[in-house]
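Please keep the display in view as I go.

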Amino acid sequence: MTNAPAPARVRGGALLSPLALPWAVARLGFRRQFAYPQAALWGLITNTFFGVLRVAVLLALFGTRPQVAGYTAQDAITYTGLTQAFIMALSLFGWTDFMRTVHRGEVAADLLRPLNLLGFWAAQDAGRAAGQFVLRGLPMLLLFEVLWGLVWPAGALGWLQTTLSVLLAWACGFLFRFLVNCAAFWSPDAAGFGRFGWAVLGLGCGFLMPLAFFPDGVQAWLSWTPFPAMLNTVVEVWVGVQRGAAAWAALGVQAAWALGLLAVTALTLHRGLRRLEVAGG
Amino acid sequence: MASALRSAAHYLQLYGRLLGAQVRSQATYRGALVLDALGTLLITAAEFGALALVLPRFGGLGGWTLGEICLLYGLAELSFVLMDLLFGGFDAPNLSAHVRVGSFSTFLLRPVPLVVQVFGSDFALRRVARIGLAAAIFAYGVTHTAHAWTLGDAALLAGCVLGLICFFGGLFVVGGTLTFWTVDSVEAMNVLTYGGRTLISYPMGIYGEWLRKTFTYLIPAAFLSYFPVLHLLGRPLPDGLPPAAAFLSPLVGPAVLALAFAFWRVGLRRYQGTGT
């Protein structure tokens, strides 16, 4: 008990940097995504089919209007391509991996790792998200570019802001998903809770329709929730609905939500783990 | 004849018992069930709500009002949910799970017809809530279209629901049968089932020519709800099709289902179990 943990060493005997372990976990999470290429291919085909339907609905809505709520028809197509591309990377249809380890008791083994539990899952999910983006996101964007042509971020500043926005969207989304999964500490069947959470996420993050198309009251109400930070902001920064200073402000809101969610999720996990000990694991 | 009726009643009773057992087990955790039903409901409500929320800004969808779209959307959703309750056991993920763990082989050993068991193997109580929502969307469509409804129209719509249940049920049976050949990757069927449901929820005129024709002549989905609704709204059918094409729903649906069960019998002969 009094001994400090021995510093981790690699083969050469050199000290590992504190980031080496999460980096290794992330790399494994990344590589695991490439285990089932056939499933990825079918997923891509299904996503493309739904993408075609969604583009048809949006173009029919636009009709001959050149612009609606800051979006052109080409922006709307880009919006569809982006949302379809990010379904898997940002787990927009839900995520129950952590819930399962709690229900099966595997979380007890995860707690033995020399890494903070939330950090361990964050690293793993970051790797998973990157893998899915390469495997499913990039081909989807390429397909949309070939089929309809996409709008791309404007210049180096646009790319920088978009990249930051994607990273923050992942952070907010991951923390929200993890928070929902923490319900497993309190309920033997948290799947229903999850389904509820994913439905709210789908509508609130702008996956189903760009939030700018909603009535003003609904938009104002949603702006008090973290959901737009999980996808809608990325789209608006990407297509340039938000640009320059407005885009920086949008990124600031995303960052604030990420910090807020981090605090709530870490606290909930802490309380959940204490409860787990009470229950005897 | 009398004996056929008696055995039909017997199978129905068996089916009822299988459902009863599942209802009891799912009702054990009442709180979880309510939350699950709400979540399932919310997914559809969000999808439809997103469309309903943006329509005022655009005025309509390809010349269709919200009420008119509700007819299409409600028909597709109502039929699909009813079908899902009935045919859930044939859905590829469920059936392939039975094939993989070997419980499908147990089905074959029991003195109850296989089809009755599969029909009674996945009754998800949480889906019941979705029926109410689908019916409400459909009812909104009926009351918000400029159309004087007659008894004949009601019969036509009932025929649509029946046809759609058979049609999507047939797709589920085909997807389930495919799991006898390959335990994984029957996801291609999802494009036809869930994709087909989404496709026919909107006026098919908004799609490209090739997509609309594929889902009219290759996969006869357009006959099941789009053509009947076009007819009810007094709009001409595409491709110069005669008005009679709007009345084929109760024929096309069961025909698809019959073909699907023929395929099911071929698959069953091939089924050898996974050795589990």
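This is a predicted model: local features need pLDDT of at least 70, side-chain atom pairs count only at pLDDT 80 or more; totals for chains, interfaces and linings use all residues.

In helix α10 of chain B, which spans residues 209-218, B:Glu209 and B:Lys213 are four residues apart, and therefore about one helical turn separates them. Helices here are DSSP runs of H or I with at least four residues, just as strands are runs of E with at least two, and both are numbered from the N terminus. B:Glu209 and B:Lys213 form a salt bridge, with their closest N and O atoms 3.3 Å apart, where the term asks for a side-chain nitrogen of Lys or Arg within 4 Å of a carboxyl oxygen of Asp or Glu. B:Glu209 counts as partly exposed because its relative accessibility is 46%, and B:Lys213, at 34%, is partly exposed as well; by this scale, buried is under 20% relative accessible area, exposed is over 50%, and partly exposed lies in between, using a 1.4 Å probe and protein chains only.

Residues are numbered from 1 along each chain as its sequence is written, chains are lettered from A and ligands numbered from 1 in the order in which they are written, and side-chain values use heavy atoms, with hydrogens and water left out.

How many salt bridges does the structure hold over all chains? There are 15, and in chain B a network of them links B:Glu47, B:Glu77, B:Arg130 and B:Arg197.

Turning to chain A, the side chains of A:Asp125 and A:Arg128 meet in a salt bridge at 2.8 Å, N to O. Both residues belong to helix α6 of chain A, residues 117-147, where they sit three residues apart, about one turn of the helix, and both are buried. Another salt bridge joins A:Arg113 to A:Asp110, again 2.8 Å from N to O; here A:Arg113 is partly exposed at 38% relative accessibility, whereas A:Asp110 is buried, with a relative accessible area of 7%.

A:Arg128 also leads us to A:Gln33, since apart from its neighbours within four places in sequence, A:Gln33 is in contact with A:Arg128, A:Gly131, A:Gln132 and A:Leu135, contact meaning heavy atoms within 4.5 Å. A:Gln33 lies in the loop between α1 (20-32) and α2 of chain A, and at 15% relative accessibility it counts as buried.

Finally, what happens between the two chains? The contact draws on 37 residues from chain A and 36 residues from chain B. In chain A, the residues that lose the most area to chain B are A:Phe49, A:Leu61 and A:Arg195, together 20% of what that side buries. The area buried between the chains is about 3100 Å², with carbon and sulfur atoms giving 77%; buried area is the accessible area, with a 1.4 Å probe, that two parts lose on being put together, summed over both.

Between chain A and chain B the count is one salt bridge, in which the side chains of B:Arg57 and A:Asp216 meet at 3.5 Å, N to O. On the side of chain A that touches chain B, the elements giving two or more residues are α2 (37-62), α8 (191-204) and α9 (216-222), and α2(A) supplies the largest share, 15 residues.
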